[in-house]
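Let's walk through this fold together, starting with the sheet and ending at a pocket. Keep the viewer open as you read.

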Amino acid sequence: MLMIMVLTACAGPKNATSNSDVSYMKMWRTTCFGKCPSYSVEVYENGLVRYTGMRFVQDSGIYEKNIGAAKAAEVLGSFTKYRVDTLQKEYKSLIADVPGINFTFTYGKTTKDVKNAHFGPMFLKALATEVDELVNRPANGEAPVLDGGWKKKVESRE
């Protein structure tokens with residue numbers, strides 16, 4: 001019982017990042033042994049969101065959309081409320097065929113990569129779902145469906 005309480009306490013939100021607010025975030029999902037979609041989503045504090053569709057997605061290539069600085073601040077603020085500076089650089093993958101969730105955060109003058117976030121603190125999966133909402137990714141794990149507000153910048157390189 002004591003072990004459950006300790007693990008639960010560690011999984012909750014932490015204080016805000018000590019250095020400063022998160023000003024940039026990139027999340028990328030990797031493929032699995034099947035046809036799991038592989039793509040990345042970047043959020044900049046000025047409101048720019050960049051989607052890069054790589055494999056097993058409907059919209060491959062690089063697309064951009066401006067969600068406005070206020071919405072970007074809301075999304076980045078979700079990351080700021082957790083101490084991303086205290087996250088490990090990599091969490092051990094416990095299952096070989098789970099598509100990866102990886103992050104890059106910029107806060108202050110520091111950039112930090114977090115690999116295998118799927119096996120890290122529970123809040124990272126919740127934040128990944130929040131980012132997925134920006135690109136209309138269905139809850140069933142299928143590929144994102146971009147709406148008409150996205151502008152294609154670069155064709156797929158495959």
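**The sheet and what packs on it**

Seven strands form an open sheet in the order 6-5-1-2-3-4-7, with antiparallel pairing. Strands here are DSSP runs of E with at least two residues, helices are runs of H or I with at least four, both numbered from the N terminus, and two strands pair if DSSP finds at least two bridges between them. Strand 6 (110–114) and strand 7 (151–154) are the edges: each has a single partner strand, so one side of each has no neighbour in the sheet. On average, neighbouring strands are turned by 20 degrees against each other, direction ignored.

This is a predicted model, so local features need pLDDT of at least 70 and side-chain atom pairs pLDDT 80 or more, while totals for chains, interfaces and linings use all residues. Residues count from 1 along each chain as its sequence is written, and side-chain values use heavy atoms, without hydrogens or water.

Now look at strand 1 (residues 22–29), which pairs antiparallel with strand 5 (residues 101–107) over 7 bridges. Arg29 sits opposite Ile101 of strand 5.

Helix 2 (residues 69–80) lies across strand 1, strand 2 (38–44) and strand 5, at about 80 degrees to strand 1. Angles run from 0 to 180 degrees between N-to-C directions of axes fitted to C-alpha atoms, for helices over the stretch in contact, and contact means heavy atoms within 4.5 Å. Helix 3 lies across strands 1, 2, 5 and 6, at about 90 degrees to strand 1.Helix 3 (residues 122–134) also gives the largest share of the largest pocket's lining, 4 residues. A pocket is an open set of points on a 1 Å grid over the protein atoms alone where a 1.4 Å probe fits, with protein on both sides within 12 Å along at least five of seven lines; lining residues have an atom within 4 Å of a point.
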